[in-house]
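Please read the numbered points beside the sequence and the structure.

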Amino acid sequence: MIGTPYRVFIPDRPTGGPYDLVRPDDLERARVIRADEVQRGDLLLADFPDFDHPATGLLTAEHFTDPYWAAPSPVDPGCGCLCCQGCAWTAADGPLVKLNDGFPWDGCTIFRATDLLLVARYQCACGCDPTLADDDAYDWLSPASVQHLLETGRPLRPGETLTCPTT
């Protein structure tokens, strides 16, 4: 999809607490895309809950308190998590995409393929391990890891060695 055929409004991101995990750089490079265009490692920042019924013709983003990384996978109709069981998805909802299966929460994150999301694309060519892990599997303190987090939206793992590209 090139461009968004909707008028969207992205309010200033709240500050303090978990909202501080998103850098202004992430917001500057964030784009509004369809849920079926999200790729592994993208940082999901906000959704547009009034997508189906915009009150004014203008869709307003609602920032997630805890942004999270996408790990798209096929929707499992037999999933027993509370989220999957509590959302009564039907064929009328159209194609569905699962963008996460429990990280950082316990339930799946499922959207209709056509739902709009505010996403900062994952961009890193340093050689880090892009697979997702639990929070305690990351190095949150070392200067190199903090710098990597600031630049890419993802910390390093303890002892991870980077292969930085040469220019």
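1. Does Arg-13 count as buried or exposed? Arg-13 counts as buried, because its relative accessibility is 10%, where buried means under 20% relative accessible area and exposed over 50%, with partly exposed in between (1.4 Å probe, protein chains only).

2. The model is predicted: local features need pLDDT of at least 70 and side-chain atom pairs pLDDT 80 or more, while totals for chains, interfaces and linings use all residues. Residues are numbered from 1 along each chain as its sequence is written, and side-chain values use heavy atoms, with hydrogens and water left out.

3. Arg-13 is located in the loop between strand E1 (7-9) and helix H1 (24-29); helices (H or I, at least four residues) and strands (E, at least two) are DSSP runs numbered from the N terminus.

4. Beyond its neighbours within four places in sequence, Arg-13 is in contact with residues including Leu-45, His-63 and Phe-64 (contact means heavy atoms within 4.5 Å). Arg-13 and Leu-45 are 32 residues apart in sequence, with their C-alpha atoms 9.4 Å apart.

5. The side chain of Arg-13 makes a polar contact with the side chain of His-63 at 3.3 Å, and reaches the backbone oxygen of Phe-64 at 3.0 Å. A polar contact is a pair of N or O atoms within 3.5 Å; within protein, one must be able to donate a hydrogen and the other to accept it, and residues adjacent in sequence count only if both atoms are side-chain atoms.

6. His-63 is the bridge partner, in E5, of Ala-46. Strand E3 (residues 43-47) pairs with E5 in the antiparallel sense over four bridges; pairing requires at least two DSSP bridges between two strands.
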